[in-house]
Amino acid sequence: MSNEGLIRKSAYLWEIPKAGPMRVPGRIYASEALMNQIQQDESLKQVANVAQLPGIIKYSLAMPDIHWGYGFPIGGVAATDAAQGVISPGGVGYDINCGVRLLRTDLNAEFIRPRIKNIVTGLFNNIPSGVGSHGAIRRLSRSDVQKVLLKGARWAIENGYGAGNDLRYIEDKGCLDGADPDVISQRAYQRGAPQLGTLGSGNHFVEISEISDIYDENIARQLGLEKGYIVVFIHTGSRGLGYQVCDDFIKVTLQATAKYGISVPDRQLACAPLNSQEGRDYLGAMRAAANYAFANRQVISSLIESTFQKSLNISPNDLGMRLIWDIAHNIAKIETHMVGGKRRKVCVHRKGATRAFGPGSPDLPDEYHLIGQPVLIPGDMGTESYLCVGTQKAMEETFGSSCHGAGRVMSRHKAKKKSMGRNLFKELENAGVFVMAEGKATMAEEMPYAYKNVTEVVNTMHQAGITKKIARFKPVGVIKG
Amino acid sequence: MRPFYQLFDHTSDLGVQVRAEDLKSLFKNAALAMTDLMTDIKTVRNQSDRIVEVEAENIELLLREWLGELLFTFHTTGFLVSDVDVLDMSDKHVKAKIFGEQYQKKRHVLQREIKSVTYHQLKVIVEEHEATARFILDI
């Protein structure tokens, strides 16, 4: 999309004015340098396309990690009216409740560095990618999967994966209400049964990082984070079950789009009114798939904890592993937000965007009530990741949402070309990151140069006042599916 | 990458362009391209076969259904496609015999997992002596 019509509202905010079939303007958070990158692909056109969805409120929003996706841009946020608006499976994506969790430990980075190969190898062996293979846990029956879909992370805890206290630190306590296992297809059950406790491929990973910088000592201390200590990031989602739910419901909503006379500029934006049977069914299925993802990350957390204990031969007490937060960044949620001075029920689609509720939100555990919700922003595997917290301004401007990562800037195709003839594992190891990867092409496609500068992305949201920077992490070891 | 397909730039996922002399070969080449993006197709042997049949409203949706079906087969049974014999097809229906083998970790180097075949910018163009398809795979 050309920059014709793009208006700069402030140093970090741009607007695509309402034009043609757009129902609302588009708004993009970006520095000038990031906007120059954003304009190189079709993501701004996608922001304008999303602005055409019936019932969309205020703006079609995009975070600074925005890039060209399918239908919605990755990094897109759209809130639709819960009574009059639509829900779009393309606004959630194939990997429903793809998300990130962060675990803290009592391990010092100096202690871990000489042992990193041992730990990464242990994680690589104990956490299967699940591609063409099965999960680390027994194959589930249909009724087991149904329980996972209804209970989410609680199912994992009840089956011995982690502690009950973990639920406090998961978005929605690891379980979305209103999940409906009856609208999940047999195909989705088939795909989901063997894959619980698997990482997947693509950009999914487990990353061991050192806390390299603290920007707010007070909040970091309350979260249990101290410079020089080790944390673990997990990035994965609902695996084949979620992909199948999305596939199934794009078909349903393609028909619904025609049935309800809705016009969308891209088949992948197919949608259904939230108050229609099709809309309700998708919401129930999407919530069920989201719960599968919460359970998946809970199981993987537990596998990580036991691998660390075994590899290092230490007690759970010495390890001190504890969940800081678990967020969803591909999801649609019914939430209440202030719109034009009035409380309004909306359906917030976050496609490659993170919830970022500010202090005082009733959805946060007491410990985080004054801090705001932790926002986890992993970068690429070679550079750095961040923890931020949500702000009141996020509640006012972005329906309590922020960025979810660095965001790709280079196509997989180009990144792979650039990686040809290079020993990527060695390059990363020389940079202090020991990596093991299952998917050989994935590794080349996910190299740091394929991504935007995550610091620039995070700083944009910090300067815009949407999220506040708390800590930075440098990777030490990574497993990729 | 093989001569029967090319990749085009898409920032987050994988854009694939396939050419063939007719529609039947186009569907075959699209299937083989997908296998080759998961693992080197030269390593996939013709060990067994099965029949796949799908229907859709038009040729573009049919291509998506076809690839989606093969992906589902891989994800649930590990079956990798090495060759395709399209038995019968129209713009709304395709029936084919697919040949191939089970994925084996030791034999097949996994390149990447394909999550799904998207509808975004999905295109099938049939001309007198050439058929072309463009589709984007979610990675």
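This is a predicted model: local features need pLDDT of at least 70, side-chain atom pairs count only at pLDDT 80 or more; totals for chains, interfaces and linings use all residues.
Helix H10 of chain A covers residues 277–312. At 1.5 Å a residue, its 36 residues should span 52 Å, and the end C-alpha atoms lie 53 Å apart, which agrees. Of these 36 residues, 28 are buried, so H10(A) is largely enclosed by the rest of the structure. The helix is followed by A:Asn313, for which phi is positive, near 55°.

Two helices of chain A that pack against H10(A) were examined. Helix H4 of chain A, residues 116–126, has an axis that comes within 9 Å of that of H10(A), and the two cross at roughly 140°. H4(A) and H10(A) are therefore oblique to each other, an angle being counted as roughly antiparallel only when over 145 degrees. The crossing of H4(A) past H10(A) is right-handed. On the H4(A) side, the contact is formed by A:Asn118, A:Ile119, A:Gly122, A:Leu123 and A:Asn126. These residues meet A:Leu303, A:Ile304, A:Thr307, A:Phe308, A:Lys310 and A:Ser311 of H10(A). By class, five residues of this contact are nonpolar, five are polar and one is charged.

Helix H5 of chain A, residues 142–151, packs on H10(A) at an angle of about 95°, with the axes 6 Å apart. The pair H5(A) and H10(A) is therefore roughly perpendicular. From H5(A), the residues A:Val148, A:Leu149, A:Leu150 and A:Lys151 take part, and they meet A:Ala288, A:Asn291, A:Tyr292 and A:Ala295 of H10(A). This contact of H5(A) with H10(A) comprises six nonpolar residues, one polar residue and one charged residue.

In chain B, helix H1 consists of 16 residues, 23–38. Because 14 of the 16 residues are buried, H1(B) is largely enclosed by the rest of the structure. The axes of H1(B) and H2(B) come within 10 Å and cross at roughly 40°; the two helices are therefore oblique to each other. H1(B) passes H2(B) in a right-handed crossing. The residues that make the contact are B:Phe27, B:Ala30, B:Ala31 and B:Met34 from H1(B), together with B:Leu63, B:Trp66, B:Leu67 and B:Leu70 from H2(B). The contact of H1(B) with H2(B) has eight nonpolar residues, with no polar and no charged ones.

Between the two chains, 28 residues of chain B are in contact with 37 residues of chain A. On the chain B side, the elements that give two or more residues are helix H2 (59–77) and strand S8 (131–138). The most is given by H2(B), with four residues. The side of chain B that touches chain A is made up of 10 nonpolar, 11 polar and seven charged residues.

Two leucines in loops of chain A are buried. A:Leu53 is placed between helix H2 (43–50) and strand S4 (56–67) of chain A, and it counts as buried with 26 C-beta neighbours inside 10 Å. Apart from neighbours within four places in sequence, the contacts of A:Leu53 are A:Ala78, A:Thr80, A:Val86, A:Ser88, A:Leu269 and A:Cys271. A:Tyr29, 24 residues from A:Leu53 in sequence, is 20 Å away, C-alpha to C-alpha.

A:Leu199 occupies the loop between helix H7 (186–192) and strand S8 (205–214) of chain A. This residue is buried, with 32 C-beta neighbours inside 10 Å. Not counting residues up to four places away in sequence, A:Leu199 touches A:Ile127, A:Ser129, A:Gly130, A:His204, A:Val206, A:Thr236, A:Ile300 and A:Gly481. One of these, A:Ile300, is in contact with A:Leu199 and falls within the residue range 277–312 of H10(A).

Most residues other than glycine have a negative phi. A:Asn97, which is not a glycine, has a positive phi of about 55°. A:Asn97 is in the loop between strands S6 (86–87) and S7 (99–108) of chain A and is buried, with 30 other C-beta atoms within 10 Å. In chain B, phi of B:Gln121 is likewise positive, near 55°. B:Gln121 is found between strands S6 (116–117) and S7 (123–126) of chain B, and with 16 C-beta neighbours inside 10 Å it counts as partly exposed.

Terms used: Residues are numbered from 1 along each chain as its sequence is written. Chains are lettered from A and ligands numbered from 1 in the order in which they are written. The expected span of a helix is 1.5 Å times one less than its number of residues. A residue is buried if 20 or more other C-beta atoms lie within 10 Å of its own, exposed if 12 or fewer, and partly exposed in between; C-beta atoms are placed from the backbone. Two residues are in contact if their C-beta atoms, placed from the backbone, lie within 7 Å. Ala, Val, Leu, Ile, Met, Phe, Trp, Tyr, Cys and Pro count as nonpolar, Asp, Glu, Lys and Arg as charged, and the others, Gly among them, as polar. Axes are lines fitted to C-alpha atoms, for helices over the stretch in contact, and angles run from 0 to 180 degrees between N-to-C directions. Angles under 35 degrees count as roughly parallel, over 145 as roughly antiparallel, 65 to 115 as roughly perpendicular and the rest as oblique. A crossing is left-handed if the near helix is turned anticlockwise from the far one by less than a right angle, and right-handed if clockwise.
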